[in-house]
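Hi,

Here is the structure I promised to pass on. Open it up first, then read my notes below with the model in view.

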Amino acid sequence: MKIAFVGKGGSGKTTLASLFALRAAGTGAPVLALDADINQDLAVALGAPPAVTATLPTLSGHVDVLKEWLRGDNPRLPAAEQMIKTTPPGRGSRLLRVVEDNPVYDAAVREVVPGLRLGLAGAFDDADLGVACFHAKTGAVELLLGHLVDGPDEYVVVDMTAGADAFASGLFTRFDLTVLVCEPTERALGVVRQYAGYAREFGVRLGVVGNKVADPDDEAFLRAGLADAGVELLACVGSSRHVRAGDRGADRAVDGLEPENAAAVDAVRDALDAVPQDWVRFQADTVALHRRNAQAWAGAHLLDQIDPEFVPVP
Ligand SMILES: Nc1ncnc2c1ncn2[C@@H]1O[C@H](COP(=O)(O)OP(=O)(O)OP(=O)(O)O)[C@@H](O)[C@H]1O
Ligand SMILES: [Mg+2]
């Protein structure tokens, strides 16, 4: 099951993505976390030791390995360089599982805390400044997700960029559930309404998690605001001592999370588990975005990459 955390800057996307991933991994479920935010701080939030975070590889840095592997012997993809972020899998392509050995994971995915593996989109470096956009980095994540066939009880958890930028690439169509993290403020609700509009247009399944919800008044405020927006409130997380202590350098092991906040995170998991996976729809979204990109900038010849007969299945 694929889940993304989006929302206003500073709303708690990274925090909730990390808590979700840690709770799921804590139950023994296979978890692959992906950091697709321009601020690459998911590793820290997961509690990875500094010695580990300092040496993590990136997916964008190994995009050649990724393309070469995914291409397999798909006859529509004679050369890896022809693949773009929306290139859909077809007959002959290699699909990825959440847990397996493959050259992509060898190159760019690391177990950062026991039982939890992380892949990074990669941060901007000096060479990128002024010439590249962050979507060049998240493109590797998008391509990976388009080829990833996950089963129920396996989780792919993605921390996304702040603000509406999360909706600026095709990445936002890759998830079974997209969680909007929302603090109980009028401004945050405004952002939810805006996102709900984008999400509806593309048929993206959206849920809200209230964050830093202090009391029943906060929750009632969120519920009323969300009823207008037509989005469900899945759970509310309070201000967490455990999270704040983690910010001060204390142990981030998730068994220290307060029971009521842990229950809120688990309610999000229940909501995700209840979503029926629909691979026909998933591939149709990839193909639709690929068409848009081919027509908008990548070149109409890329339409030949679409295998109309193909649907990825685990
Ligand atoms: N429920 C919570 N309780 C206590 N502190 C929290 C909680 N949620 C988030 N925080 C703190 O608020 C700050 C912002 O959270 P976080 O980094 O998760 O937000 P973000 O949405 O990922 O931000 P950005 O837009 O910069 O990526 C962090 O210091 C985090 O530890
Ligand atoms: Mg963040």
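Let's start with the ligand. Sorted by class, the shell around ligand 1 holds three nonpolar, 11 polar and five charged residues. For that sorting, Ala, Val, Leu, Ile, Met, Phe, Trp, Tyr, Cys and Pro are nonpolar, Asp, Glu, Lys and Arg are charged, and the others, Gly among them, are polar. Of the 19 residues around ligand 1, the ones that come nearest are Gly12, Lys13, Thr14, Thr15 and Ala162 (a residue is near a molecule or strand if its C-beta atom, placed from the backbone, lies within 6 Å of it). Helices (H or I, at least four residues) and strands (E, at least two) are DSSP runs, numbered from the N terminus.

A word on the source: this is a predicted model, so local features need pLDDT of at least 70 and side-chain atom pairs count only at pLDDT 80 or more, while totals for chains, interfaces and linings use all residues. Residues are numbered from 1 along each chain as its sequence is written, and chains are lettered from A and ligands numbered from 1 in the order in which they are written.

Next, have a look at Asp159, which sits in strand β5. Is Asp159 buried or exposed? With 29 C-beta neighbours inside 10 Å, Asp159 counts as buried. The cut-offs are 20 or more other C-beta atoms within 10 Å of a residue's own for buried, 12 or fewer for exposed, and in between for partly exposed, with C-beta atoms placed from the backbone. Setting aside neighbours within four places in sequence, Asp159 is in contact with residues including Lys13, Thr14, Asp35 and Asp37 (contact means that the two C-beta atoms, placed from the backbone, lie within 7 Å). Asp159 and Asp35 are 124 residues apart in sequence, yet 5.1 Å apart in space, C-alpha to C-alpha.

Now for two helices. α7 (residues 186-201) has 16 residues and reaches 23 Å from its first C-alpha to its last, close to the expected 22 Å (that is 1.5 Å times one less than the number of residues). Its buried residues are Ala188, Leu189, Val191, Val192, Tyr195 and Ala199. Down the axis of α7 they fall within an arc of 150°, so they line one face of the helix (the arc is that of the directions from the helix axis to the C-beta atoms). The face turned away from the buried side of α7 carries exposed Glu186, Arg187, Gly197, Arg200 and Glu201. Among what covers the buried residues of α7 are β1 (2-7) and α8 (216-229).

In α10, the buried residues are Asn261, Ala262, Ala264, Val265, Val268, Arg269 and Leu272. They fall within an arc of 160° seen down the axis of α10, so they too line one face. They pack against β1, α1, β6, β7 and β8 (232-236).

Last, some backbone angles. Most residues other than glycine have a negative phi. Asp153 has a positive phi near 70°; it lies in the loop between α6 (135-146) and β5 (155-160) and is partly exposed, with 13 other C-beta atoms within 10 Å. Lys212 also has a positive phi, near 55°. Lys212 is in the loop between β7 and α8 and is buried, with 20 other C-beta atoms within 10 Å.

Cheers
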